[in-house]
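Please open the model in your viewer and keep the sequence beside it. The tour below goes from one selection to the next and says what is there at each stop.

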Amino acid sequence: MEGDSVTLHTNLTEIQGDDLILWTFGPKDTHIAKINKAHNEIFHDGVDGRFRDRLKLDNQTGSLTITNTSTEHSGPYKIEIVSENQVLIKTFSVTVYAFLSIPVITSYSPSSSERSESSRCVLLCSVGNVTHVTLSWYKGNSLLSSISIPQLNTTISLHLEVEYQDNNTYSCVLNNPISHQAQHLNISDFCQREESSCIYCVYGSTEAVIRLASSVLVGVAIVAVLIFDIRSRRV
């Protein structure tokens with residue numbers, strides 16, 4: 001996490017007399033530190049000054065510690081241990097994660113024409129300025145849907161449709177490999193259906209089927225009365 005310290009170990013118990021240890025960072029292998037038995041040096045401005053006052057070298061083992069890390073310290077690190085007879089190379093991959101914010105849930109209010117066609121409430125879970133995260137909807141402990149952002153620092157959203165009468169517990173969860181934030185919701189707090197002014201509204205549920213069937217029965221009865229009245233008058 002941002003603000004933590006991380007140590008990259010050489011796995012040496014002690015630097016030998018003529019050993020030279022070089023530390024590099026990034027795809028261009030920019031030198032950030034070097035050390036031998038008699039001397040050590042840190043190149044603070046080696047990579048845009050991002051390591052200024054953040055690097056520490058262990059004078060005995062040559063291990064490198066990065067303090068007060070931020071996301072800009074993510075990337076590949078490499079150590080070269082140069083001795084008389086050989087060069088040993090070891091690589092590290094470091095990912096620093098930013099602190100996660102709590103997801104924000106909003107409800108979508110459909111127009112009257114849309115309300116007349118659906119009994120579902122649309123919820124939108126959003127979070128901004130995130131990298132290396134997954135945003136998910138859960139119903140209880142069951143995963144409903146999710147979306148992942150690998151590297152791009154952006155805003156992501158994920159929608160969910162629920163019934164107005166739904167009494168289940170839902171959660172929107174934002175997580176990365178080492179932490180998570182969750183927002184729990186009560187459907188009644190987010191989804192309040194406004195009554196439409198129409199007489200027979202179709203909401204797409206059992207209520208809709210009953211109302212539609214009632215409308216058909218009333219229509220058939222009216223037609224039957226009209227036909228009977230017309231025939232009576234002709235007689």
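This is a predicted model: local features need pLDDT of at least 70, side-chain atom pairs count only at pLDDT 80 or more; totals for chains, interfaces and linings use all residues.

## A tour from pocket to loops

The space in the largest pocket is about 220 Å³. If you colour its lining by class, you will find seven nonpolar and 10 polar residues, but no charged ones.

The next stop is the aromatic side chains, for which a search of the whole structure finds four pairs. Select Trp23 and Phe92, one of these pairs, whose rings lie 5.7 Å apart from centre to centre with 35 degrees between their planes, an arrangement that counts as tilted. This pair links distant parts of the chain, since Trp23 belongs to strand S2 and Phe92 to strand S8 (residues 87–94), 69 residues apart. Trp23 is buried, with a relative accessible area of 0%, and Phe92, at 16% relative accessibility, also counts as buried.

Stay with the aromatic rings and select Phe25 and Tyr77, whose centres are 4.7 Å apart and whose planes stand at 55 degrees, so this pair is tilted. Phe25 lies in strand S2 and Tyr77 in strand S7 (residues 75–82), so the pair ties together parts that are 52 residues apart in sequence. Phe25 is buried, at a relative accessible area of 6%, and Tyr77 is buried too, at 1%.

Finally, turn to the backbone of two loops. Most residues other than glycine have a negative phi, which is the background for the last two selections. Select Asn11, which you will find in the loop between strand S1 (6–8) and strand S2 (20–25); although Asn11 is not a glycine, its phi is positive, at about 65 degrees. With a relative accessibility of 62%, Asn11 counts as exposed.

Then move to Asp29, in the loop between S2 and strand S3 (30–36). Asp29 likewise is a residue other than glycine with a positive phi, here near 50 degrees.

Methods. Residues are numbered from 1 along each chain as its sequence is written. Side-chain values use heavy atoms; hydrogens and water are left out. Helices (H or I, at least four residues) and strands (E, at least two) are DSSP runs, numbered from the N terminus. Buried means under 20% relative accessible area, exposed over 50%, partly exposed in between (1.4 Å probe, protein chains only). On a 1 Å grid over the protein atoms alone, a cavity is a set of points where a 1.4 Å probe fits but cannot get out, and a pocket is an open set with protein on both sides within 12 Å along at least five of seven lines; lining residues have an atom within 4 Å of a point. Grid points are joined across faces, edges and corners, and a volume is the space filled by probe spheres set on the points. Ala, Val, Leu, Ile, Met, Phe, Trp, Tyr, Cys and Pro count as nonpolar, Asp, Glu, Lys and Arg as charged, and the others, Gly among them, as polar. Rings of Phe, Tyr and Trp (its six-membered ring) pair if their centres lie within 6.5 Å; planes under 30 degrees apart count as stacked, over 60 as edge-to-face and the rest as tilted.
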